[in-house]
Amino acid sequence: MWTAHYDDASQDYYYYNSETQETTWARPADYVSRAEDFTEHYSEDHQAAYFYDLTTKETTWERPPCLDLPPPPPAPAKVQPKKRISRRLSDTHVNLDDFVLSDRTLKFFTQVAGLLTCKKTADSLYEDRVQSPDKILNGPDFKSFKKDGQDPAQEGPDTMTVEELREDAREKKPEFDALVRNVVEDQGLDPDEQVMVDGEPITKEWGNYKVLTLAGLKSLERSVAKTENEYGGNPKFLCDLGRATIVCRTEEEIAKVLRALMAE
């Protein structure tokens, strides 16, 4: 049975088969849409409701049949180990030695601790290797992508809606993907090379990172939220609908890639 899941890193949906343990970015032919795949919206222009499929990024005026199906029965509750908390008579502090965590909670805290450790290490490397005055990326060429102090904006009419902008981005995505791949190859990098850290691949639910990792378009919900929260409702400043990750080994490689992208 296939289920759709959202990946925060790529801001797109992937599919997981609980029977075969298979994951894929492509929508399986036998995937059955569920009610949670859709969000309902209202069009003032048409005075009617329309529905947006989070997994396919498509909209329809027809109400999806799955929205009218009865909800599935709730999953049986899992019995969790009892948490034993003892308090010292002398004060009100919790005695952590007697605090029992479930396996799920322990896994969560372990992942959070690992994430914080990685962030601390990354911040330290950034300050040491990038922020220093003598470093390449701290030079005048890479101060900002802003033009005349203004945030970059999309070309085209000022009245473009988020939906129109996403449709335009969808049409141009093949050109964007090809351009980024050409930039990577022109710098002598192999876009399909798997990224390894200490001999291990960087693995996500959808697969392993490569030197060039192309993501799907930013979702409609995230695009609308970012437009309203960060750009005052003006979608012209929404310039990251098409996205890609390029992994470089050295600061010099980063500088070469940035210069090539800025030249485009």
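Guide: Contact means heavy atoms within 4.5 Å. By that rule Val195 touches Glu200, Pro201, Ile202, Tyr209, Lys210, Val211 and Val247, leaving aside residues up to four places away in sequence. This is a predicted model, in which local features need pLDDT of at least 70, side-chain atom pairs count only at pLDDT 80 or more, and totals for chains, interfaces and linings use all residues. Residues are numbered from 1 along each chain as its sequence is written, and side-chain values use heavy atoms, without hydrogens and water.

Visitor: Why does Val195 count as buried?

Guide: Buried means under 20% relative accessible area, exposed over 50%, and partly exposed in between (1.4 Å probe, protein chains only). Val195 has 9% relative accessibility, so Val195 counts as buried. Val195 lies in the loop between α2 and β7 (196-197); helices (H or I, at least four residues) and strands (E, at least two) are DSSP runs, numbered from the N terminus.

Visitor: What makes α2 oblique to α3?

Guide: The axes of α2 (residues 162-186) and α3 (residues 220-230) come within 10 Å and cross at roughly 125°. Axes are lines fitted to C-alpha atoms, for helices over the stretch in contact, with angles from 0 to 180 degrees between N-to-C directions. Angles under 35 degrees count as roughly parallel, over 145 as roughly antiparallel, 65 to 115 as roughly perpendicular and the rest as oblique. Therefore α2 is oblique to α3.

Visitor: Which residues of α2 and α3 meet?

Guide: Val162, Glu163 and Arg166 in α2 meet Leu220, Ser223, Val224 and Thr227 in α3.
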